[in-house]
Amino acid sequence: MRLTRRTVTVLLGVLALGGLGYAQRATIAVFLAERGLTRIAANSDPLATLEDGLHVGLCGAGSPFPDPERSGPCTVVIAGRRMFVVDAGGGASVQLAKMQLNLGQVSAVLLTHYHSDHIGGLGDVLLQRWIGANAAQPLPVYGPQGLEQVLSGIETAYRLDAGYRTTHHGETVAPPAGFGTDPRPFELGSDERRVLIESPTLEVVAFRVDHGPVSPAVGYRIRYKDRTVVISGDTRRSAAVQREAQRVDLLVHEALSPQLVRMIEHSFVRAQRPQMAQIMADIRNYHASPVEAAQTAAAAGVGMLVFNHIVPPLPVPGLEAKFLEGTEAEFAGPMHVGRDGDWFSLPAGSRTIEQSRRP
C-alpha cells in the first residue's frame, strides 16, 4: 500500500501528539484526578440525588472466603432520606465510600448476628460516620442479645484512636461525645419478630432465623411507603424468611453452593488438611443453598431474588451457572448473583426495580 504525503503527515501528527501526551501524562492524570475529587467532595448529600423510594446496595456480597469481587457481608438500605447499614463485614466503610455514599449520613447499623465476618468492619464504620458527620451523638446500633458485649469490645479497641483524632483535629471535627455507639438491643417476642422502628412511611422489623448453633440470629424486613425488602441474614432455609418475605419487592438472601463447597472439602482431604476439610463439611449445614433460596422466593411470591453472602467465590465465569443450577426450576422471577456495588432502586408508587451499579 502506498502512503500519500497527506497520510504520512497525519500519522506523524498523531505520533507527535501521542508522544506529547505521554510526556505530559502526570499533568493529565493530576488534572483528571482533581476533577474527580472535586465532584466527589462536592456531593456531601448523595441521598438528595436519589428518587424517593427504597434503594438497596450491596456494600459486601461475600463471606470469609477471599473474593476480589465481594467484601464481607454488608447491605445498605436507603429509605427516603434515612440510610441503614445491615452488617458491617471487613471492607464495609471502603466499599460504601467507593459507592460514593457519605458515611456521615448513616442513621443506624442493624446487625444480624455476631460472626466475625459480619462485624469485622464495624469499627471503621463507626469512626467514619463520627468524623463524616461531626457527630455529637453516638451511632445507634440494633442487634439481638449479646449486642452490648460486642459493642463494648469494639469501642474499647477504637477508644485510643478516637482520642488521637480529637486531639489532632479538634473537638469541632471530632466531638468526643459523638464517638461510639448507642446500643439498641432487642429480644424477640413469642411470635419471633419485633418492630424496631415504626412510622407512617417507615417500618423496620427484626425476625429470628435458623443459623444454629449461632443464636440468636435475625433477618430484617424494611418497608418504606409502598416498597419492601427482606434481608435474610445467615440462615438455613427458613419458614420465618418465607413468612416475612410474602409479596415483598426484593428478597436479598444468602446462599452457599453445597456442590462447590464439597469440591473444596475434597481438595483439603487430598492435601491432608483435615481441619479445613472438617470446616468445609460443617458450614454446609447452617446455610441455605441457591435452590432453597429460590424455593423460599417462589413460595413467598417475591418480585426479585438477589443472592448475597456468596459461598464459595466464583472466580471462573462458568461457576456462576453451576452456582445457579436448579434455581430456574424453582423460581420464575428475576434472579441476580450479587457483587459489591450492585444497586437496586425501588421508586415509591411503582412496582419497578431498577438494577444498576454504583457509582
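An open sheet of eight strands runs in the order S6-S5-S4-S3-S2-S1-S14-S15, with mixed pairing, where strands are DSSP runs of E of at least two residues and helices are runs of H or I of at least four, both numbered from the N terminus, and where two strands pair if DSSP finds at least two bridges between them. The edge strands are S6 and strand S15 (354-357), each of which pairs on one side only. From one strand to the next the twist averages 20 degrees, with axes taken as lines fitted to C-alpha atoms, for helices over the stretch in contact, and angles running from 0 to 180 degrees between N-to-C directions.

The model is predicted, so that local features need pLDDT of at least 70 and side-chain atom pairs count only at pLDDT 80 or more, while totals for chains, interfaces and linings use all residues. Residues are numbered from 1 along each chain as its sequence is written, and side-chain values use heavy atoms, with hydrogens and water left out.

Val77 lies in strand S2 (residues 74-79) and is buried, with a relative accessible area of 0%; buried means under 20% relative accessible area, exposed over 50% and partly exposed in between, for a 1.4 Å probe and protein chains only. Leaving aside neighbours within four places in sequence, Val77 is in contact with residues including Leu54, Val56, Met83, Phe84, Ile222 and Ile231, contact being heavy atoms within 4.5 Å. The C-alpha atoms of Val77 and Gly57 are 20 residues apart along the chain and are separated by 6.5 Å.

Helix H6 (residues 147-169) bends by about 45 degrees at Tyr158, the bend being the angle between axes fitted to the seven residues ending there and the seven starting there. H6 lies across S5 and S6, running at about 165 degrees to S6, and its buried residues pack against helix H4 (116-119), helix H5 (122-133), strand S5 (139-143) and strand S6 (181-185). Among these buried residues are Leu147, Ile154, Glu155 and Thr166. Gly170, which follows H6, has a positive phi, near 95 degrees.

A second open sheet, of seven strands, has the order S7-S8-S9-S10-S11-S12-S13 and mixed pairing. Strand S7 (193-198) and S13 stand at its edges with a single partner strand each, so one side of each is left without a neighbour in the sheet. Neighbouring strands of this sheet are turned by 20 degrees against each other on average, direction ignored.

| Strands | Sense | Bridges |
|---|---|---|
| S9 (residues 218-224) and S10 (residues 227-231) | antiparallel | five bridges |
| S11 (residues 250-256) and S12 | parallel | seven bridges |
| S12 and S13 (residues 335-337) | parallel | three bridges |

Arg221 stands opposite Val230 in S10, Leu256 has Val311 in S12 as its bridge partner, and Phe307 has Val337 in S13. The chain crosses from S12 through helix H11 (residues 317-323) to S13 in a right-handed β-α-β crossover, which is to say that, with the strands pointing away from the viewer, the path from the first strand over the helix to the second runs clockwise. Strand S12 (residues 304-311) is largely enclosed by the rest of the structure, because eight of its eight residues are buried. Helix H10 (residues 290-300) lies across S11 and S12, running at about 155 degrees to S11.
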